[in-house]
Amino acid sequence: MVVAKLKSEKERIEASDLLSKIEVVVDDPNVEEEVDEFSPEGRFRLGGEEEMDYDRNPEFAEIIGSCLDDPQKARSKMEERLRRKRNKILHTKTGSPIPMKVVMNKFEFSNSYVWFEFYNTLLEKDVNLICDTIRSWHIVGRLGGCNSLNMQLSQSPMDKRPVYDAIQGANVTPTTFYNIGDLEIQDNVARIWVDIGTGEGLLLDVLVNALTQISSDFVGIKQVVFGGTQFENWRENLTTEDAGYSVHKV
């Protein structure tokens, strides 16, 4: 029996631990080496994937094959694989270490622009990320997901199991996100028109929290301005792509 080959209980535990972790460092043989993490082929793709066929991966088979007979050898192989794949497993932050500034400028919930000033001109993948973030924000708001009147679980004491009152949740005043425009971009400045309708400040907090993380990890955002009909670097007469203007559907 295979188990009989293990020299000690410690080796059996090590082998089991290796088997549970080894999937993290195995590549999909059907995926190319360079894949943009925000593209449809990237890590944020939505479902529809076939499971990886580990039986056809010789390196994986070799590690698994030696895992039971010689756990230390398998561990060494896995560590070597981690060293070789380090750049694909650990991604360097590409955002800005400077905190994103948030400004309120006569913001009206029913009819206002939200302005975004970036440190650099946006790449295509940056535009996709910003559009996806704003689209998700709109969907959650449209469905009433940002209702500060019904925050029973987050406001429950954590020293005991939270209890949700369905009757109370069903009877709170609903909130919604009525309408949103397209994302307009001029060089390193972007804007989007919103009609949030109800004065629900939680919606703004949700967007700010998401953009703060994006600015830190992916694309640096100098400031976000809620409200105002004009921005210092924005030109209303600039409406052609040749001049640096573009519109992106949200």
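How many salt bridges does a search of the whole structure find? The search finds four. The exercises below work through some of them.

This is a predicted model, in which local features need pLDDT of at least 70 and side-chain atom pairs count only at pLDDT 80 or more, while totals for chains, interfaces and linings use all residues. Residues are numbered from 1 along each chain as its sequence is written, and side-chain values use heavy atoms, with hydrogens and water left out.

**Exercise 1. Describe the salt bridge between K249 and D182.**

Step 1. A salt bridge is a side-chain nitrogen of Lys or Arg within 4 Å of a carboxyl oxygen of Asp or Glu. For K249 and D182, the N to O distance is 3.9 Å.

Step 2. K249 lies in the segment after β7 (245–248), and D182 in the loop between β3 (179–180) and β4 (183–186), so the pair ties together parts that are 67 residues apart in sequence. Strands here are DSSP runs (E, at least two residues), as are helices (H or I, at least four residues), both numbered from the N terminus.

Step 3. Check accessibility. Buried means under 20% relative accessible area, exposed over 50%, and partly exposed in between (1.4 Å probe, protein chains only). K249 is exposed at 65%, whereas D182 is partly exposed at 30%.

**Exercise 2. Work out which residues are linked with R191 in a network of salt bridges.**

Step 1. Start with E184: its closest N and O atoms with R191 are 3.0 Å apart, in a salt bridge.

Step 2. Turn to E236, which also forms a salt bridge with R191, at 2.9 Å between the closest N and O atoms. E236 sits in the loop between β6 (221–226) and β7, and R191 in strand β5 (residues 189–195), so this pair ties together parts 45 residues apart in sequence.

Step 3. Join the pairs: E184, R191 and E236 are linked in a network.

Step 4. R191 is buried, with a relative accessible area of 5%, and E184 is buried at 14%. E236 is partly exposed, at 48%.

**Exercise 3. Summarise the chain as a whole.**

Step 1. List the elements. The chain has seven helices and seven strands, which run α-α-α-α-β-β-α-α-β-β-β-α-β-β from the N terminus on.

Step 2. Of the 250 residues in the chain, 35% are buried.

Step 3. Look at contacts (heavy atoms within 4.5 Å). Among those between residues at least 6 apart in sequence, 77% join residues at least 24 apart.
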